[in-house]
Every structure is written in C-alpha cells, then in structure tokens.
Amino acid sequence: MSQDRHFETIAIRTQMERSAQKEHSAPLYLTSSFLFDDAEHAKALFNEDIQGNIYSRYSNPNNDEFIEKLCLLEGTEDGVATASGMAAMFLSMVAFVRSGDHIVASRSLFGSTHQILTQILPRWGVTHTYVDADRPEDFEQAIQSNTKMIFIETPSNPAIDLIDITWLSELATKHDIILNVDNCFATPYLQNPIKLGAHIVTHSATKFIDGQGRVLAGAVLGSKELIKEVRFMARHTGPSLSPFHGWLLSKSLETLAVRMERHCENAFKLAQFLETLPEIAYVKYPYLPSHPQYELAKKQMRLGGGLVSFELRGGIEAGRNFLNKLQMISFSANLGDTRTIATHPASTTHSKLTEE
Ligand SMILES: *Cc1c(COP(=O)(O)O)cnc(C)c1O
C-alpha cells in the first residue's frame with residue numbers, strides 16, 4: 001500500500017498476506033515462536049540475511065501489520081510496537097542516548113515521561129533541560145554540545161500547549177539532534193510530525209488509537225536507519241506488544257479517522273460552551289481563536305483534537321468540587337476512550353510536579 005492513498009483507504013486496506021483460508025479480516029497469530037524450514041533457513045533468519053518471523057519478542061504478523069499501517073499513516077518507513085506507551089517513550093530515548101548525553105524537553109509532559117527524565121535517566125548519567133512551550137526561543141539556548149535529543153509533546157498533556165514542529169525540526173537538524181515527538185494527543189489523523197521534519201514519532205496507542213479503553217500499547221516510528229537502533233534495544237530488552245493487542249489495534253486504526261472527526265467536533269462544541277461560563281478562568285483548545293497558538297494549530301493540525309483543558313476560578317478546591325459533582329462524565333485518568341472523561345492532573349497524573 002502506498003502513502004499517496006487516502007488515510008481511510010490505508011487504514012482499512014493495509015492487511016497482511018491472506019492465509020490458505022482466504023479470510024477477509026486478518027486472523028490472530030497467537031504463537032510465541034515460528035518454524036524454520038531447515039538449518040540454512042534458520043541461519044539466514046538469525047543473520048538477518050532474509051526477513052521472517054523467529055520469535056514473537058522480535059516480530060509477529062499481527063504486530064507487523066499494525067506497525068506497517070501506522071508507518072503509512074504517519075508517513076514514515078519503520079517502527080516498533082511496544083507493550084505500553086511508556087515502553088515506547090523509554091525505548092525511544094535509551095536507543096539513542098549514552099552516559100554523559102543530554103536531552104532537551106518541553107516542560108509540559110506526560111507525568112511518567114517527566115519521571116524518566118528527572119528520576120531514571122540521571123542514574124545512568126543522562127541529564128536534561130526543560131524549556132517552556134510558550135518560550136520556543138529557549139530551545140536553542142538549552143542545546144549543549146552533548147545534546148542528543150529534543151523530546152516534545154504537541155499538543156501537550158495536560159496544558160494543550162503547541163510547539164511549531166517544522167521550526168523545531170530545522171533547529172534540531174541544524175545541530176544534528178534527533179527531534180522526538182510524542183504524537184499521542186493528535187494521532188496520525190490530525191498531525192504527522194515526521195512529514196513536518198521530526199525524526200522520531202512516539203505513541204501511546206492506549207489512547208485514541210485503540211479508542212475503546214481496552215488495551216495498553218505504544219509505538220516508536222521513524223526512518224529505517226533510526227528504527228534499527230530501537231529494534232535492537234526492543235529485541236533484547238523485551239517490551240514487546242502482545243500479538244492479541246496488535247491484532248486489536250490494527251482493527252482499531254480502521255475507524256480512527258471517523259472517530260477523530262467526531263471527537264474533534266464534540267470537543268470544539270464543548271470548548272466553545274465552556275468559554276461562555278463565568279466560573280471558568282480560561283479554556284484552552286487549539287482551534288479556539290483564543291488559543292495563543294491558534295494560527296499554528298491551523299497550520300499544523302487537521303482539526304483541534306479531542307481534548308479540552310480549562311481552569312476554574314477558585315483554584316484547586318473548585319477543581320475537586322467540579323469533579324465530585326460530575327454525573328455521566330467519568331472521572332478517570334485515561335483519555336481517548338469512547339466514554340468522555342474529565343480528570344484533574346494536579347491531583348492525579350501530574351501530582352508529583354511542584355506547585356509552580
Ligand atoms: C498516556 C500517555 C503516555 C503513556 O502511555 P501508556 O500507554 O499509558 O504507557 C505517554 N504520553 C502521553 C502524551 C500520554 O497521554
């Protein structure tokens with residue numbers, strides 16, 4: 001399947017080769033290992049002289065189908081599927097950094113990504129500098145001679161801040177640094193960071209890609225050359241995705257476009273309504289003209305996304321009261337489900353951050 005097909009056509013028609021059963025929808029390959037034809041075949045597979053399945057920690061037809069489709073949708077060459085979004089974030093960093101290296105990251109990040117940068121990587125001598133998304137000029141200043149990666153989220157969780165991917169990828173490329181974009185909030189339907197110049201795209205497929213709150217999964221995508229490093233790391237450290245989840249996610253991608261259209265339509269209406277309420281201090285939604293980066297949102301994103309952030313007048317107590325009074329909307333931390341949720345990052349996912 002080529003990249004110039006329609007998004008929906010790629011999402012629906014990218015499918016593994018049919019078996020002798022001539023199934024219409026892809027079957028599930030729940031097998032840990034695969035057979036070799038003979039000693040020469042086994043040797044060639046292990047030498048990577050030929051492509052083929054050996055063991056599901058390395059590859060599996062269901063995960064390969066999921067990744068092939070996701071690569072086409074993101075406009076890139078290769079990828080690795082992982083057992084969670086965090087496994088993808090971690091792999092996408094440790095595949096490229098060595099002791100003594102440095103990462104520049106946007107400050108507004110998913111809570112566990114923040115923990116990797118501040119608590120885990122420093123154990124191996126990898127340091128970081130945070131930059132505020134609304135001060136992009138600081139990215140260049142933060143770059144050091146040992147900087148190997150710039151890691152960003154756009155839109156960010158939970159602040160819904162945007163970063164100009166084209167601009168930042170030019171800066172990264174100029175300094176020979178890998179730009180890694182966590183594209184979980186936008187999904188490949190709304191934004192394709194690699195087409196805009198980024199080098200690596202990471203996903204938590206747990207969110208909109210699954211879209212039904214069933215599985216944990218992630219992916220790291222990029223050029224063949226870069227993904228070779230990620231695959232080596234994944235193959236030998238084992239954060240592999242279950243083939244059952246790969247099978248589910250490939251089917252989930254078939255409906256990503258229609259789901260995102262509706263998520264965005266609903267979120268936009270909700271954002272417009274919230275903006276009219278006097279109890280609300282501000283609403284942040286990329287496609288609202290009041291968003292400080294509205295012009296960038298229009299340039300970089302196909303639609304505004306499925307998430308709205310807002311702040312109530314009355315501070316943290318007002319936030320807690322609001323959540324305690326919700327009737328149908330679920331109070332939960334996992335976004336991207338069919339069921340609308342509301343969450344309070346200050347008491348949950350981002351509670352480990354300082355008040356500032
Ligand atoms: C949820 C999330 C992650 C982590 O993914 P898991 O699948 O929960 O491990 C990473 N980044 C962002 C932006 C997320 O929302």
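In this predicted model, Phe310 has a relative accessibility of 29% and therefore counts as partly exposed, and Phe322, with a relative accessible area of 32%, is likewise partly exposed. These two residues form an edge-to-face aromatic pair, in which the centres lie 5.5 Å apart and the planes make an angle of 80°. The pair links distant parts of the chain, since Phe310 belongs to strand S9 (residues 309-312) while Phe322 belongs to helix H13 (residues 315-324), 12 residues apart.

The count of aromatic pairs comes to six. One of them joins Tyr55 and Tyr58, whose ring centres are 5.9 Å apart and whose planes stand at 85°, so that this pair is edge-to-face, planes over 60 degrees apart being placed in that class. Tyr55 is partly exposed at 34% relative accessibility, and Tyr58 is partly exposed at 24%.

Aromatic rings also meet a charged side chain, for Arg302 lies over the face of Tyr189, at 3.9 Å from the ring centre, and over the face of Phe7, at 5.9 Å from the ring centre.

The ligand is surrounded by 15 residues, of which Met86, Asp182, Ser204, Thr206 and Lys207 are the closest. This shell divides into seven nonpolar, five polar and three charged residues, and helix H4 (residues 85-94) contributes the most to it, with three residues. An oxygen atom of the ligand lies 2.8 Å from a polar backbone atom of Gly85; a polar side-chain atom of Ser204 is 2.8 Å from a ligand oxygen atom, and a side-chain N or O atom of Lys207 is also found 2.8 Å from an oxygen atom of the ligand. Of the 380 Å² of accessible area that the ligand has on its own, the protein covers 92%.

Notes
Residues are numbered from 1 along each chain as its sequence is written. This is a predicted model: local features need pLDDT of at least 70, side-chain atom pairs count only at pLDDT 80 or more; totals for chains, interfaces and linings use all residues. Side-chain values use heavy atoms; hydrogens and water are left out. A residue is near a molecule or strand if one of its heavy atoms lies within 4 Å of it. A polar contact is a pair of N or O atoms within 3.5 Å; within protein, one must be able to donate a hydrogen and the other to accept it, and residues adjacent in sequence count only if both atoms are side-chain atoms. Accessible areas come from the Shrake-Rupley method with a 1.4 Å probe; for residues, only the protein chains shown count as cover. Helices (H or I, at least four residues) and strands (E, at least two) are DSSP runs, numbered from the N terminus. Ala, Val, Leu, Ile, Met, Phe, Trp, Tyr, Cys and Pro count as nonpolar, Asp, Glu, Lys and Arg as charged, and the others, Gly among them, as polar. Rings of Phe, Tyr and Trp (its six-membered ring) pair if their centres lie within 6.5 Å; planes under 30 degrees apart count as stacked, over 60 as edge-to-face and the rest as tilted. Buried means under 20% relative accessible area, exposed over 50%, partly exposed in between (1.4 Å probe, protein chains only). A charge sits over a ring if NZ of Lys or CZ of Arg is within 6 Å of the ring centre and within 35 degrees of the ring normal.
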